[in-house]
Amino acid sequence: MAIQVDVAELAGLIVEGCLYGGFMVLFFISFHTLLKRKKRSKLNPAMIVAAVTMAILATCQIIVDTVNIFWAFIPLTREERILFLLDVTRPIFAAKHAIYFTMMLVGDAIVTHRAFVVWDRNYWVIIVPAICSLGSAVCAYQTIFAVRHIATTTIAAQASWGIALFSLSLAANSISTSLIACKIWTHDKKTRRIFSHGTTIAGGQSLMPVVRVIAESGAVNAAYLLAYLIVLVKGTHALEIMAGISTPLIGILFGTVIIRATMYSQNNSSMQSTIRGTAVSIPMVVQNQAQHNQTAVRVNVEYDWSDDTLDFQNGRKIATSSNSSV
């Protein structure tokens, strides 16, 4: 037996409430982590604005969904309730989906921004994910406009727009996440290649845990979008459950990346590194012993956990006498 729309709406609100509580805990922790940079390092306004925007959208989403449930369950009979919840022309239906789509687009924008920063602010790199996100936005708000202003349309009639919406969002997230992980992995591989056989490494630190954090968050988001697509194609009311959990889930993924990366940097604070808020500056020294001289190469690697900013400063190569110290 297929799930009824009123059951799906109520179940979606319950799951959304649980995830919203978890998101707010992560929001305050990650927000505190971002603000800590003000004392020791440059503040990142983009990430702070993104975090606050997500918290506002998630709060608005759960308020709208709760009001919708109250209107449907308290004064109406079962038959009236089902008809009420199936009426897609209601303003509250447009409001809840507008918030949901906006939250999804904010999540896409954050991932694309991270890819842009990690790739040295190269606009060419993000052209494809940016176009995918723009197309996703067009599909999202066209769907909302259609169900609000075209009397003859239905959700089923707009299914093709919905499939395009989530397919484009999935593509944007997958491409941006792959670009970030690839760039960090490549830099880490090049840095490790400097430390060839016969060298001594002072304060070295692998960035592969960062790749894992980003890849895991991207995989969870991709899995959710794929599941949403499958439910949308099937045409069941379980779509309401998927829509309910989306807003807090995106916020949870955003906060988790910041918190896990910060915990990783703190766990490695015993190495030769300077931790400034959520940023880590890691000086690494390579020493090659020759017969009569000593060569030192210093590579500074700075990773900004709150923004996925990776900065490799140019190495300095200094030739000194055998009695000199580095």
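## The main nonpolar core

The largest nonpolar core has 50 residues. The residues with the most contacts inside this core are F23, M54, F101, F166, Y224, Y228 and F254. Seven helices each supply at least two residues of the core: α1 (5–35), α3 (45–73), α5 (91–118), α6 (127–149), α7 (159–194), α8 (208–234) and α9 (239–267). The largest share, eleven residues, comes from α3. The structure described here is a predicted model.

Leaving out residues up to four places away in sequence, Y224 touches Y100, M242, A243, I245, S246 and L249. 

## Helices α3 and α5

How do α3 and α5 lie relative to each other? Their axes come within 9 Å and cross at roughly 160 degrees. An angle over 145 degrees counts as roughly antiparallel, and α3 and α5 are therefore roughly antiparallel to each other. The crossing in which α3 passes α5 is left-handed.

The contact of α3 with α5 can also be described by the kinds of residue in it. Of these residues, 15 are nonpolar, six are polar and two are charged.

## Helices α5 and α6

Helix α5 also meets α6. The axes of α5 and α6 come within 10 Å and cross at roughly 180 degrees. These two helices are therefore roughly antiparallel to each other.

On the α5 side, the residues in the contact are P91, F93, A94, H97, A98, F101, T102, M104, L105, D108 and T112. On the α6 side, they are P129, S133, S136, A137, A140, Y141, I144, V147 and R148. The residues of this contact divide into 13 nonpolar, five polar and two charged.

Is S133 buried or exposed? S133 lies in helix α6 and has a relative accessibility of 14%, so it counts as buried; the cut-off for buried is under 20%. Not counting residues up to four places away in sequence, S133 touches L105, D108, T112 and A172.

T177 is found in helix α7. Its relative accessibility is 11%, and T177 therefore counts as buried. With neighbours within four places in sequence left aside, T177 is in contact with V111, I214, A215 and G218.

## The loop between α5 and α6

D120 has a positive phi of about 55 degrees, although it is not a glycine. R121 is also in the loop between α5 and α6. The phi of R121 is near 55 degrees, which is again a positive value in a residue other than glycine.

How values were computed. Residues are numbered from 1 along each chain as its sequence is written. This is a predicted model: local features need pLDDT of at least 70, side-chain atom pairs count only at pLDDT 80 or more; totals for chains, interfaces and linings use all residues. Side-chain values use heavy atoms; hydrogens and water are left out. A nonpolar core is a set of buried Ala, Val, Leu, Ile, Met, Phe, Trp, Tyr and Cys residues joined through side-chain atoms within 4.5 Å. Buried means under 20% relative accessible area, exposed over 50%, partly exposed in between (1.4 Å probe, protein chains only). Helices (H or I, at least four residues) and strands (E, at least two) are DSSP runs, numbered from the N terminus. Contact means heavy atoms within 4.5 Å. Axes are lines fitted to C-alpha atoms, for helices over the stretch in contact, and angles run from 0 to 180 degrees between N-to-C directions. Angles under 35 degrees count as roughly parallel, over 145 as roughly antiparallel, 65 to 115 as roughly perpendicular and the rest as oblique. A crossing is left-handed if the near helix is turned anticlockwise from the far one by less than a right angle, and right-handed if clockwise. Ala, Val, Leu, Ile, Met, Phe, Trp, Tyr, Cys and Pro count as nonpolar, Asp, Glu, Lys and Arg as charged, and the others, Gly among them, as polar.
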